[in-house]
Amino acid sequence: MANLEKIRSERSTAHISRSVIHPDTDIIETDNVVLLLADVPGIDEKSLEITVDKNLLTIYGKNELGKPEGMELCYAECEPRDFQRMFTLGYNVDTNKIEAVVKNGVLRLTIPKTTPAQTRKITVRAE
Amino acid sequence: MMWDFWSEMDKLHDRVNRVFHNLPGMPARREYPAVNIWRSEDRLVLTAEMPGVEAQDLDISVEDNLLTLTGVRKTTEMKEGETLHLRERLQGEFKRHIELPYRIDKDNVEAKLINGILQVNLPRSAEEKPRKITVNVQ
């Protein structure tokens, strides 16, 4: 194929173990929520696993690069690989109310912030 | 909110490696979007990862054996008072030319965008299909 380097044939990729990469991520904080957007092309709601253990948030997605039926791979720049990334959440978020939506290969996590505890003044009694 | 320090170190390591891989004599610099090309006897199929790109923001054109992908990845909109903690996702316009090994029947090119992966079906032009040449015995 002119101008395109032939990296490897489909046959040879079958033996290579799947690699895992960190998805590119944007994190935006608003008054009420923390928004996390991660690029996970090829991932749908069924191939995505999100877990929260205390304040450790883990995203794992199994990438199924669609193989067109009856076709042979002749030039490759992206291999099938999985996405995984861990984030340590602050203590000012409500991990029970995280919402996750995946659209067009972008995962959008909405993490609500908890209202900061009111500062309380403690009166010191003299004895 | 904090992100994982070691994950970030790994990421940085990846980026440094990428810089060194782009030195002359090393494999070609990766253009956006990364593509895979599949073939069968009568057609090619191009697949490309483009998460977050909407179908209306993508333009595909085919001229002879040259395929051009033009599009834009929209910025995550920020309102006043919002804080940006991390920005890694690529954004902005992109254009990529891909030279194919033969001419394409451009009237029958079909494309679909599923879960951020583009798939373009590129049938070989009829006049370019391999011909069998009969050898006459004299």
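Author: **The second largest pocket**

Let's start with the lining. In this predicted model, 21 residues line the second largest pocket, and those nearest its centre are A:Leu37, A:Arg108, B:Thr75, B:Thr76 and B:Arg89. As for elements that put two or more residues into that lining, they are β3 (33–39), β8 (99–103) and β9 (106–112) of chain A. Sort the lining by class and you get 10 charged residues, six polar and five nonpolar. The space inside comes to about 500 Å³.

Now for a spot in chain B. B:Leu66 sits in strand β5, which covers residues 66–73 of chain B. It counts as partly exposed because its relative accessibility is 33%, between the 20% and 50% cut-offs. Setting aside neighbours within four places in sequence, B:Leu66 touches B:Ser61, B:His97, B:Ile98 and B:Glu99. Take B:Glu99 from that list: B:Leu66 is 33 residues away from it in sequence, yet their C-alpha atoms are 4.8 Å apart.

And how far to trust all this? For the complex, the predictor gives an ipTM of 0.73 and a pTM of 0.73. Chain B has an average pLDDT of 83, with 78% of its residues scoring at least 70. Residues 21–29 of chain B are another matter, with pLDDT below 50, and beyond near neighbours in sequence that stretch has six contacts in the model.

Conventions
Residues numbered from 1 in each chain as written. Chains lettered and ligands numbered in written order. Predicted model: local features only at pLDDT ≥ 70, side-chain atom pairs only at ≥ 80, totals over all residues. Heavy atoms only, no water. Helix = DSSP H or I, 4+ residues; strand = E, 2+ residues; numbered from the N terminus. Buried < 20%, exposed > 50% of the residue type's maximum accessible area, 1.4 Å probe, protein only. Contact = heavy atoms within 4.5 Å. pLDDT = per-residue confidence, 0-100. 1 Å grid on protein atoms, 1.4 Å probe; cavity = no way out; pocket = protein on both sides within 12 Å on 5 of 7 lines; lining within 4 Å. Points joined across faces, edges and corners; volume = space filled by probe spheres on them. Nonpolar A, V, L, I, M, F, W, Y, C, P; charged D, E, K, R; others polar.
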